[in-house]
Amino acid sequence: MSDGRAWQGNVKVRLYERVRERGYDSLTAFAEARPAVPLYLLAEELGEDDIAAVQVFSGLLAEAERRNQVTRLVRDVLVRELAEGLPNGWPTVMDDANQFEVAMALGRWSAYTPETHKARVRRVGDALLATPPPPGWRPLGPDDELLLTLLPDEEV
């Protein structure tokens with residue numbers, strides 16, 4: 001995407017045309033059919049050269065806001081970032097390399113978090129670091145039991 005094509009033309013129209021071409025009526029339905037797949041891979045599937053991960057996120061956020069499910073989306077993005085950064089699940093040993101990978105995954109998650117949820121996301125990140133999940137924990141979707149405990153569906 002270094003040539004900037006993702007930002008040319010009507011991004012929203014292109015994004016939703018691609019989603020409909022794949023048989024989905026919403027970007028959310030498309031993403032939900034691919035649980036724990038990182039946002040950049042969703043973008044590549046929709047258009048390797050002209051769709052960016054942030055555009056996919058923006059569309060997902062707009063849909064989540066309309067459905068009052070932003071907190072669920074925030075959990076979903078964490079699942080996707082953990083799948084990318086910790087493909088074997090939560091580390092058994094928190095050595096420097098694993099601390100870096102966890103920090104990167106949580107940092108990317110925070111970067112995608114809407115301002116309305118930033119404080120809650122910081123608390124969840126702190127909780128995961130203070131009381132780590134079991135080794136190998138790898139949530140497969142936004143309705144993971146631990147994630148629901150840490151970040152319940154109450155909208156802010």
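Trainee: Taking a salt bridge as a side-chain nitrogen of Lys or Arg within 4 Å of a carboxyl oxygen of Asp or Glu, how many does a search of the whole structure find?
Mentor: The search finds eleven salt bridges. This is a predicted model, in which local features need pLDDT of at least 70 and side-chain atom pairs count only at pLDDT 80 or more, while totals for chains, interfaces and linings use all residues. Residues are numbered from 1 along each chain as its sequence is written, and side-chain values use heavy atoms, with hydrogens and water left out.

Trainee: Which residue does Asp76 pair with?
Mentor: Asp76 forms a salt bridge with Arg80, with the closest N and O atoms 2.7 Å apart. Both lie in helix α5, four residues apart, about one turn of the helix. Helices (H or I, at least four residues) and strands (E, at least two) are DSSP runs, numbered from the N terminus.

Trainee: Are Asp76 and Arg80 buried or exposed?
Mentor: Asp76 and Arg80 are both buried. Buried means under 20% relative accessible area, exposed over 50%, and partly exposed in between, using a 1.4 Å probe and protein chains only.

Trainee: What about Glu81, which residue does its side chain meet?
Mentor: Glu81 forms a salt bridge with Arg108, at 2.6 Å from N to O. That pair links distant parts of the chain, since Glu81 is in helix α5 and Arg108 in helix α6, 27 residues apart. Glu81 counts as buried at 2% relative accessibility, whereas Arg108 is partly exposed at 22%.

Trainee: Which residues do salt bridges with shared partners join into one network?
Mentor: The network consists of Glu32, Arg72, Arg75, Asp143 and Asp153. Within it, Arg72 and Glu32 form a salt bridge whose closest N and O atoms are 3.1 Å apart. Arg72 lies in helix α5 and Glu32 in helix α2, so the pair ties together parts 40 residues apart in sequence. Glu32 is partly exposed, with a relative accessible area of 45%.

Trainee: Changing topic, how many residues are in the largest nonpolar core?
Mentor: It has 39 residues. Such a core is a set of buried Ala, Val, Leu, Ile, Met, Phe, Trp, Tyr and Cys residues joined through side-chain atoms within 4.5 Å. Leu27, Leu39, Leu46, Val56 and Trp109 have the most contacts inside it.

Trainee: Which element gives the largest share of this core?
Mentor: Helix α5 does, with eight residues.

Trainee: And what is Leu46 in contact with?
Mentor: Leaving aside neighbours within four places in sequence, Leu46 is in contact (heavy atoms within 4.5 Å) with Leu15, Arg18, Val19, Arg22, Leu27, Phe30, Ile51 and Val56.
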